Amino acid sequence: MDFSPKKKTSNLLLLIASFAIVSLILWNTNSFFKKFKEEERHKMEIWATAQSEFLSLPVDADPGNLHIKIFQNNTSTPMILVNKDSTIKVNNMPGIQKTDTAFIHGKISRFKAENKPISIEYKGENLATLYYGNSEVLTKLKYYPIALLLIIFLFGTVIYFLFKTNKTSEQNKLWAGMAKETAHQIGTPLSSLLGWNELLRSENINPEITKEIDKDISRLETITERFSKIGSLPILNEYDIVEETKNAYDYLKLRSSKLIHFSFNSQVDQAPVLLNKALYNWTIENLVKNGIDAMRGKGSIAIEIVPNGNWVKVLISDTGSGIPKKNFQTIFNPGVTSKKRGWGLGLSLVKRIVEEYHKGKIKVLTSTKDGTIMQITFKVKN
């Protein structure tokens, strides 16, 4: 992803524009709601006036078409009319029984909270009181901003995950490209070293010297193989994880400081697992070196293999200062490191090797001020 100042400014302007648009929509919706509510109030006042004139008419008088038209046109607003003799009339509330006084009084309380009651009077005498609620359209309009905000939130969430996925994809491509380029760059001097070592053998040089050079060349070949496999699906073969872990352990123990105490223990003689040897050894090496760094070059490293049904666990523990619990997940993210000169790629690559390539699991099992235990889990091949 491009994190240049220009890109950041564009993102900020886009965010401000989006916020302004959302605010404008909400403001317009709120204004429309108030205007619609005022119009509904005006309609109810007309209905109340017509009702006042109707109630004041003599029993045998003709109410006229205007009053009937007004009464008939109001079919959307729920209302309760309480006459001065306490009789109740319910309009636009299907299924409501006049005898259900508890329910009706509950509705009256609700209507009073939604809209101010209208007193129907004639010549100063109170004939009735009109309680009315919001119409179905007004109720839907009231909750429209909430629905809009929810849609915007869901849309923002989708956009966030799309950007995050795109960022991760670009990072993966970048690392894969860097890894393959590194492997390519190492290959040229490596070929040259092989030739020079053969030349040294022909010059009757001390065999021990060429033997040690062979070891270093073999190590460089292993590193080249590791980097070349990043970004492509590695080939997995069946290996005994106990043997492969012990080989990695022996190599690291031989080349580490004498201030580090190493121990290895397996609760099972063998456990066949589909592995890529080069990448698995890289995983163990990364975890052990992280432990050594956490101990500042002095302490104990222990590797233990524990069977667990159809799975096998590899535990790598150290006696370092530990990892805060809040960082148990984030330490596997790219760029996260506690080292002053670290790139934060080691554990990220380890997670990718274990979970993406080998379909295993890796996590911080425990971590205190006395040390950390990392756990890798693989499925045993039956």
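These notebook entries record what I looked up in a predicted model of one protein chain.

**Entry 1, overall make-up.** I began with the secondary structure and found eight helices and 11 strands in the chain. I then checked burial: of the 382 residues, 32% are buried. For contacts between residues at least 6 apart in sequence, I noted that 68% join residues at least 24 apart.

**Entry 2, the pair α6 and α7.** I recalled that two packed helices are described by the angle between their axes and the distance between the axes. I looked up both values for helix α6, residues 241-254, and helix α7, residues 277-294: the axes come within 10 Å and cross at roughly 50 degrees. I recorded the crossing of α6 past α7 as right-handed.

I next listed the residues that meet. From α6 they are I241, E244, T245, A248 and L252, and from α7 they are K277, Y280, N281, I284, E285 and V288.

I turned to the largest nonpolar core, which has 34 residues. The residues with the most contacts inside this core are I241, I284, V288, V314, I376 and F378. Which residues does I241 contact, leaving aside its neighbours within four places in sequence? I found A271, V273, L275, Y280, I305, V312, V314 and F378. I also noted a second, separate core of 10 residues, with M44, M79, I118 and A128 among them.

Methods. Residues numbered from 1 in each chain as written. Predicted model: local features only at pLDDT ≥ 70, side-chain atom pairs only at ≥ 80, totals over all residues. Heavy atoms only, no water. Axes fitted to C-alpha atoms, helices over the stretch in contact; angles between N-to-C directions. Helix = DSSP H or I, 4+ residues; strand = E, 2+ residues; numbered from the N terminus. Left-handed = near helix turned anticlockwise from the far one by under 90°. Contact = heavy atoms within 4.5 Å. Core = buried A, V, L, I, M, F, W, Y, C linked by side-chain atoms within 4.5 Å. Buried < 20%, exposed > 50% of the residue type's maximum accessible area, 1.4 Å probe, protein only.
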